[in-house]
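Student: I would like to learn how to read a few features of a model. Could we start with helix packing and then turn to the backbone?

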Amino acid sequence: MPQVPQTFDALAVRTWCGLALEALGRAREEIDAINVYPVADGDTGTNLYLTLESATAAVEAVFAGHEVGGREAGGGDEADGGRPTLADAVRAMAHGALIGARGNSGTILAQLLRGMAQVLAADSETAHTDGPGLRLALRQAADSARQAVAHPVEGTVLTVASAAAEAANGAEGDCGAVARAAYEGARAALAATPGQLAVLERAGVVDAGGRGLVAVLAALVETFTGEAPRMRLGSPEVHARVAAVVTDVDIVGAGIGGVHPDVCEDGAPEEGGPAFEVIYLLEAEDAAVDRLRGRLDLLGNSLVVVGGDGLWNVHVHVDDAGAAVEAGVEAGRPYRIRITHFGLGDVHTGGPGRPPRERAQRAVVAVVPGEGLAGLYAEAGATTVLARPGEPPASGELVEAVRRAHAREVVLLPNDAELRHTAAAAAEQARADGVRVALIPTRSAVQGIAALAVHEPERRFDEDVVAMTSAAGATRYAEVVVAERQSWTMAGICQAGDVLGLIDGDVAVIGSDITTTAESVLDRMLSAGGEMVTLVLGDEAPDAIAAHLESRVRESYLAVDTVVYRGGRQGALLLIGVE
């Protein structure tokens, strides 16, 4: 048996993360299957796994960096750079979890890890690396997670975390003894969750987030003792009911599409819950985040805001996804925005008399360049992937979005010619997972808007794809941007700071004024005819440009309609579509 750490050092952090990731990987499908609160979207296990995967990768990166530094210095021990300090490791773990947190459960897990890191990495005369230090870390974790949730509910992962901290507080001995006490306390609290939340009792399951935390604490026990505790969920009745859920459910991964009854704080179902889950990272000051919490609390529920030191992870369920993103923009700089539409249909709860969960028949997954467009697409029913300037999404992000859409058939809109190969790779991976995917080669978000406008999930898949492809192909696209450097273009030589008008991807107009250049681009596009003009304004577009262009179209082109959207920080000053 390999030697186990006697104190909480960097190696212990690394070992714990690895074991916890393996444990969540084994339990992922079980946890997904019993996920009924706060939304029965069957993705808690997956979200916990992805969150801890990000934390583990961050810890491994710190070790790799120190190993390289140690070799270059000609040494190998911690003193000369061969191994990171405990503070390095736990801060990396917390940061990795924060930036990779997924869903309600993953966001809370990230705050639990951050709370532990605040104690273990603290600068003080007394090192918190022994049993008493672990007790303090578990207490801080539970308290900080509870503070991060706008309306804490008992019978959830928060209850399980508090029980673990209470049990650890009464334990004497080394880290192994404290970890085992925390695990046993969490396990007992988990078994009691059906008696605290009516929705769990009706479904015959324990809390999914709490189940995940018990797995993470079991890995902590194994880290310090070398032995994995046997997972027991409590009474034989609870264990049997959970096993029945896992057996009866068709496990297909994260992101079920379904309108799910939300749940009140007493655990009773509330029909007509919010339609969207909105998650984003946010760079903002503490005071701005306090105001953001208040605003988001009025917009929706399941609000969790975690983080600190200028970087936050925001999670909320709302009906108005655009308003939730706009609130983030007012507070600071939101990015890595993910908006999931819960869709239509019933949900899985796994209890007697409840229907099994169903995948949606069809969904649309779209890459969008700005927060405003992300909200627009989401409100139209699409699952979105945000592509910020200079940060194109990888194929894995598109695959994850397809899985979140949780449909048998998916229409993929890359909305960027540069993403053609990335989207094709994602489509192939999704097909290997058993999803029927059609890739429509949209080259601009305005082409995606045109395709989404004619999308009809009720008709045959092939017919829908043909109609969407035709609408996108019939839409010419343009953008107005500012040149970053001198360059040769099809319209001549441009200088840094010039305003460029690109039509169908090629520079067609070089000017000095944004509005004048945009008008020239629009005239060129409408000279070939058109019925509908779509304008998508970036944050830095002049305030009066939309009214000016609308007036130009109305006065110069008969029977041509204009629609205007706010795209947010989309890179381009203006996107133009002509159908």
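Tutor: Start with handedness. A crossing is left-handed if the near helix is turned anticlockwise from the far one by less than a right angle, and right-handed if clockwise. Keep in mind that this model is predicted.

Student: Which hand does the crossing of α5 and α6 have?

Tutor: In this structure, α5 and α6 cross in the left-handed sense.

Student: How are two packed helices described?

Tutor: Two values do it: the angle between the axes and the distance between them. Here α5 covers residues 131–148 and α6 covers residues 157–169. They pack at an angle of about 155 degrees, and their axes are 9 Å apart.

Student: What does that angle say about the directions of α5 and α6?

Tutor: Angles over 145 degrees count as roughly antiparallel. The pair α5 and α6 is therefore roughly antiparallel.

Student: Which residues make the contact between α5 and α6?

Tutor: From α5, the contact uses R135, L138, R139, A142, A145 and R146. From α6 come L158, T159, A161, S162, A165, E166, A168 and N169. By class, the residues of this contact are 7 nonpolar, 3 polar and 4 charged.

Student: Which residues does a cis peptide bond join?

Tutor: Y37 and P38 are joined by one, with omega about 0 degrees. P38 sits in the loop between α1 (10–33) and α2 (44–73).

Student: And positive phi. Where does R336 lie?

Tutor: R336 is in strand β6, residues 333–341. Its phi is positive, about 50 degrees, although R336 is not a glycine. With a relative accessible area of 45%, R336 is partly exposed.

Student: Where is D504 found?

Tutor: D504 belongs to the loop between β14 (499–503) and β15 (506–511). D504 is not a glycine either, and its phi is positive, near 50 degrees. D504 counts as partly exposed, at 29% relative accessibility.

Student: Last, cysteines. How many disulfides does the structure hold?

Tutor: The count is 0 disulfides.

Student: Is C17 buried or exposed?

Tutor: The cut-off for buried is under 20% relative accessible area. C17 has 2% relative accessibility, so C17 counts as buried. C175 is buried too, with a relative accessible area of 1%.

Terms used: Residues numbered from 1 in each chain as written. Predicted model: local features only at pLDDT ≥ 70, side-chain atom pairs only at ≥ 80, totals over all residues. Heavy atoms only, no water. Helix = DSSP H or I, 4+ residues; strand = E, 2+ residues; numbered from the N terminus. Buried < 20%, exposed > 50% of the residue type's maximum accessible area, 1.4 Å probe, protein only. Axes fitted to C-alpha atoms, helices over the stretch in contact; angles between N-to-C directions. Parallel < 35°, antiparallel > 145°, perpendicular 65-115°, else oblique. Contact = heavy atoms within 4.5 Å. Nonpolar A, V, L, I, M, F, W, Y, C, P; charged D, E, K, R; others polar. Disulfide = S-S within 2.5 Å.
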